[in-house]
Amino acid sequence: MLFLLAGTAQGTVVEHERGEYSFGTGPVPAFVERATPPDHWPSDAPGVDDERWRFWLYDLQADRREGRDQLFVDYAYEARGASLVGDAGRFQVSFNPGYQRLTIHEVRLRRDGAWQDRLSPERVSLARREDGFEQDLADGTVTALIVLDDVRPRDVVRIAYTIAGSNPVLAGQGSDWLRFGWQHPMLHARLRVLLDPGTTPRVYRENGAPREVVLDRTDAVEVVLDAAALPLVVDDGQYPAWYQPYPLAQVSAARSWDDVVAWALPLYPVVERLPEPLEQKLAEWARLSDRRARMTAALRLVQDDIRYFGVEMGENTHRPTPPAETWRRRYGDCKDKVYLLVSLLTRMGIRAVPALVSTARGKAVAGFAPSASVFDHVIARVEDGGEVLWLDPTITLQGGRAGEYDLSAYGAALAVTPGRARIEPIVAPRGVADRNGVTVIERYVPQPDAREVRFGVETLYRGDLADKRRRSLASERGDELSRRYADYYRRRLGELEAVSVPTIKDDREANLLTVTEQYLLKAPFDDEPGTVKALDVYAETLQELTQLPASMVRTSPLDYAAPGAYRHEIEVAVPEQWKATFGKEQSQASAAAFDYSRSVETLGNTARIVYQLQVKQPEVAGPDAAGHLGEIRRLQDELSATLRFRIPVAAAVDDRQQRLQKLLRKAIDEGSGP
């Protein structure tokens, strides 16, 4: 460990090296105005009786003036319960050493009204933790882990640090954000930002975040948002991307979407020539029947032949790799793959440009203060005969034709093209709900004595669901798939034998994928009084669509499901002399987001239950949530059913004798053992 000294205007910063990384300890920067937590939690503040967590202070102060780029964080929290002190005794700070520097100012603990200094640099470790590596991302982020000894319930821990520097490729296109509310009470939250003198600030607020106070000083424009005695926020969960329940504020220098486009345009220069193999591909595609076919061919190449992997370090977070290099190394992240795709399409005379989107907040980005940093993903905007298509080359193994996919969950996009500096809504393609869905047909063919049943399942996936199943099947060996499918039905139907491995038929052009299974069920029927055989069935296809959220009392919007048609049929071939004990039944349910029906009937020698659910919209508005959940709860009870059949007395007696003989043989075998 090396200790290096660096002089600053406020004092000395001591550098502590940990291998190839380092952090500093030293005084608070001069621009900071410290807040002082009170000695006691006010008796009239929310959380006075809270027995889990209390947050005393969350203070973010940023100096974004030219030549300075610093973010100061002052955080004070209290674990009230003994089970929480483990979390309270360790604190993590993430930064990117490629362009950022961490300085820890203080680590203190208050016990019985007295503050103790707990800053021990030797107890601070640095590690490169690629949290996104499993999602094929490497961003170079390093985590500083601060460990405190002897933390007890009701101790207040206060940690202050500064991160200096930001990604240079953003060129000042960043923003500062603060959430003014948590799932636990907070006593004081503040966001304070210093901008260059003469700068016009832009502030975005939602969900009751405090109003800003703007001061024109001689050395800076100061923007402050301050809130006290904040109650806990109830987080119902399962929201659409565009919605979140917390009071939130964003502060940045005023700019327009034109400014963001002007920043992004130089990152995607026009490519005049591609590597020779791609030039040959372009020549091949030129012979295809139509523009959409050529577009689909280019999309498939980038989706399937270029694996997704992002090296998000330094300028690579926002500057794409040249298409020739992406092709050579056969991997890239979203911006690399989009740059390659739009270059291919442009060379074919198809108007295509990158488009910036936010997977985190969807369409809400349209209201944010314009900034490059509000986007976290790139897709392609393509024009075809006056129609706007949205393509995402990071999605693999898609079927159908380019432009048929529903990317409306992204909500809105900013196209990187001159003269189009506006946020555009991303809407679902026409007819997408008709192309999406799944149909399952289960067929039971029992022997007359009811001892064995031939059981077949045919599942047809369409549209986006075919894409998802195709990707799932591509990552699973055939024997694993066969075992997993068989075990699922064993849990439902008892002992069985797989007659054959599941067969898969994939029509990728039409985006239809069919899985067919065949089993021999050994004892699926339950015996009931008299000569009645009972078979329990379940509409598994609708299970995910009828899951209830953790919070049932809500007024906030609810994320539901992709529009499409979902159907589950159950057929039982009724042997001669069997009699169904049930008659014809019909039931229906409807809500803003779905229509549902269930029918039960016997036609000739076939008993059939048909479940149908049509998802009409992907989310439920807050005022409609109660009605939606009420209908879901009601139809949950209908997904399982028991089909009862009365069989001939002779068959029932023979069945009982067979079972008794089997039990007797088993008892004899066990008794004759050593």
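Trainee: Is Tyr444 buried or exposed?
Mentor: In this predicted model, Tyr444 is buried, at a relative accessible area of 1%. Buried means under 20% relative accessible area, exposed over 50%, and partly exposed in between, with a 1.4 Å probe and protein chains only.

Trainee: Which residue forms an aromatic pair with Tyr444?
Mentor: Phe455 does, and the pair is tilted, with 4.6 Å centre to centre and 35° between the planes. Rings of Phe, Tyr and Trp (its six-membered ring) pair if their centres lie within 6.5 Å; planes under 30 degrees apart count as stacked, over 60 as edge-to-face and the rest as tilted.

Trainee: Where do Tyr444 and Phe455 lie?
Mentor: Tyr444 is in strand β27 (residues 437-446) and Phe455 in strand β28 (residues 453-462), 11 residues apart. Strands (E, at least two residues) and helices (H or I, at least four) are DSSP runs, numbered from the N terminus. Phe455 also counts as buried, at 0% relative accessibility.

Trainee: How many aromatic pairs are there?
Mentor: The count comes to 27. In one of them, the ring centres of Tyr268 and Tyr339 are 5.5 Å apart and the planes stand at 85°, so the pair is edge-to-face.

Trainee: On another topic, which ring does the charged end of Arg108 sit over?
Mentor: That of Trp115, 4.6 Å from its centre. The criterion is NZ of Lys or CZ of Arg within 6 Å of the ring centre and within 35 degrees of the ring normal.

Trainee: What should I know about the conventions?
Mentor: Residues are numbered from 1 along each chain as its sequence is written, and side-chain values use heavy atoms, without hydrogens and water. Local features need pLDDT of at least 70, side-chain atom pairs count only at pLDDT 80 or more, and totals for chains, interfaces and linings use all residues.
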